[in-house]
Amino acid sequence: MTDTVLPSDDHAMPARSAAGSGARLRRISATSRPMVGAAVLVSLFALMPLGFVVWIAVQTGWDTVYALVVRPRVGELLVNTALLVLSTLPPAVALSVALAWLTERSDLPGARLWAWLAVAPLAIPAFVHSYAWISVAPSLHGLPAATLVSILAYFPFLYLPVASQLRRLDPALEEAAAALGMSPSRVFAKVVLPQLRLAICGGSLLVGLHLLAEYGLYVMIRFDTFTTAIVDQFQSSFNGPAANMLAGVLVLCCLLLIGAEGWARGSERYARVGSGAPRPAASTPLGRATLPCLALFALVAALSLGVPAYTLGRWLLLGGLDVWTTGEIGGALATTLLLALAGGAIATLLVLPMAWLSIRWRHRLARVLEACHYYVGSLPGVVIALALVTITVRVALPLYQTAATLLAAYALIFLPRALVALRASIAQAPVELEQAAQALGRSPGQAIREVTLRLAAPGAAASMALVGLGISTELTATLMLSPNGTETLATRFWSLTSEIDYVGAAPYALLMVISSLPLTVLLHRQSKQAIGR
């Protein structure tokens, strides 16, 4: 209802508005209080791995830390890590930008099919890529092999944001540059490429963090990284100080990578200001370059999809029906589904308070708590697992190697993924409906439960699905924390490949690929829907 303001009461309306605003803020504060308390507890839980690294460093003592960190082995691992990142990211960026431009800005025949094939490698876990290449070329090892397989496994993480950004760009700037006499190559370098900086930097950070965290891929091709060294130390000396110090150095590498991404991203403004709306860009005719461009896509698809498909098909044919009749496959599949369902539900419940606060409570504390939820996504799974191992052994020994500890690790690893999915769904639930429910006598908790959560149910289901799909292929944390006798698809695959039983491992690899397909399809569809295609 709209108030009528009379000339003689020109000061009354601001007073009423201020009072109404203050009451509304008080209502929000009263509603937010339990949510803030829950979000603080989850944030402290998320900070536990970082606190573990600091605590171990302080407890170990400076002299021991110096002796364990400043030694040739750590220097070798640092060099390996730097070479891996520097040899993987530039080719992956160049490949992703080229493929994205061809599918979004050219008249490439079958562009939609090629776009799907450029995203499809995400459905294949990185260690399955390595398994496929080792099966085809057993002598493949070292930095060249690590670079090749890493590019093929992770370039879709760059392709998706770059392709999405290319669809959003308004071609008016490119047309203006061309009208000023710039050649097409200069237009791309001076106008298009700078606008792709955010997408390239974000995708590169994601790929770089995967390079630092990956374990199975590099073990199979015999290339040492911090993660492989940490797991080796853990297996040889349990939770000794050497593994803990390597984890600390790995965390510093991740923070350095995040800082480098922030520096490269810069502070330039990329938003369009002014009248009008972006429109689709005209497709650039390829002409004689059509066949070479098609050959590039065919080569990438053959290497990233053809080799794994050939390897799996070959081993499955050699094994016949016998490899599917063992009871271990059914047990591993059931365990994986159970852990995925439980882990997805726990992660979604943990992020619910923060997802609600990030939309309903605009406050500096909310931003700090949200950052605590997101930062854990930059930590390698091996660091989180090692932190939980040390904490349970020293503080809560009965929880060591139990399902509870394993589910806690899953919740930490996939906390950001759950928050992103649920937050977007809560944002679409009008706050006015919560207020109306409270006006009708519902308590704040009842209003959230009976109104907002019902409207956000699809987002909660998507959050559980995204986390569950990640859990189904999680290897490192599962190897370190799973109870004795517990076998998932990933751990059973790993134990068979460690015994060089590639035939027996093939069904597990195939089931993991199938379980990852829904996430791949969802990511591709979301990148299209974000700009209305």
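Arg167 has a relative accessibility of 14% and is therefore classed as buried. In this predicted model, the side chain of Arg167 forms a salt bridge with that of Glu104, at 3.0 Å from N to O. Glu104 belongs to helix α3 and Arg167 to helix α7 (residues 156–168), so the pair ties together parts that lie 63 residues apart in sequence. Glu104 is likewise counted as buried, at 12% relative accessibility.

**Salt bridges**

The structure contains four salt bridges. A further one joins Glu328 and Arg492, whose closest N and O atoms are 2.6 Å apart. This pair links distant parts of the chain, with Glu328 in helix α15 (residues 327–360) and Arg492 in helix α24 (residues 489–498), 164 residues apart. Glu328 is partly exposed, with a relative accessible area of 42%, whereas Arg492 is buried, at 16%.

Arg73 and Glu76 also meet through their side chains, at 3.4 Å from N to O. Both residues lie in helix α3 (residues 72–105), three residues apart, or about one turn of the helix. Arg73 is partly exposed at 27% relative accessible area, and Glu76 is partly exposed at 37%. Together with Asp224, Arg73 and Glu76 are linked in a network of salt bridges.

| Salt bridge | N to O distance |
|---|---|
| Arg73 and Glu76 | 3.4 Å |
| Glu104 and Arg167 | 3.0 Å |
| Glu328 and Arg492 | 2.6 Å |

**Overall architecture and core**

The secondary structure of the protein chain consists of 25 helices and zero strands. Of its 533 residues, 49% are buried. Among contacts with a separation of 6 or more, 84% are between residues 24 or more positions apart. The largest nonpolar core has 153 residues, of which Tyr131, Tyr159 and Phe493 touch the most other members. Beyond four places in sequence, the residues touched by Tyr131 include Met220, Trp315, Phe493 and Tyr502.

**Surface**

The chain exposes about 24900 Å², with carbon and sulfur atoms supplying 67% of this area. Leu41, Leu44, Leu47 and Leu50 make a nonpolar surface patch of about 350 Å². Leu44 is located in helix α1 (residues 12–60) and is exposed, with a relative accessible area of 52%. Ala371, in helix α16 (residues 364–375), is partly exposed at 43% relative accessibility. The C-alpha atoms of Ala371 and Pro416 are separated by 9.6 Å, and these residues are 45 positions apart along the chain.

**Confidence**

The average pLDDT of the protein chain is 82, and 89% of the residues score at least 70. Over residues 1–28, pLDDT stays under 50, and the model has seven contacts beyond four places in sequence for that segment.

How values were computed
Residues numbered from 1 in each chain as written. Predicted model: local features only at pLDDT ≥ 70, side-chain atom pairs only at ≥ 80, totals over all residues. Heavy atoms only, no water. Patch = residues over 30% accessible without salt bridge, like charges linked within 9 Å, V, L, I, M, F, W, Y side chains within 5 Å. Areas by Shrake-Rupley, 256 points an atom, 1.4 Å probe, with all protein chains shown as cover. Helix = DSSP H or I, 4+ residues; strand = E, 2+ residues; numbered from the N terminus. Buried < 20%, exposed > 50% of the residue type's maximum accessible area, 1.4 Å probe, protein only. Core = buried A, V, L, I, M, F, W, Y, C linked by side-chain atoms within 4.5 Å. Contact = heavy atoms within 4.5 Å. pLDDT = per-residue confidence, 0-100.
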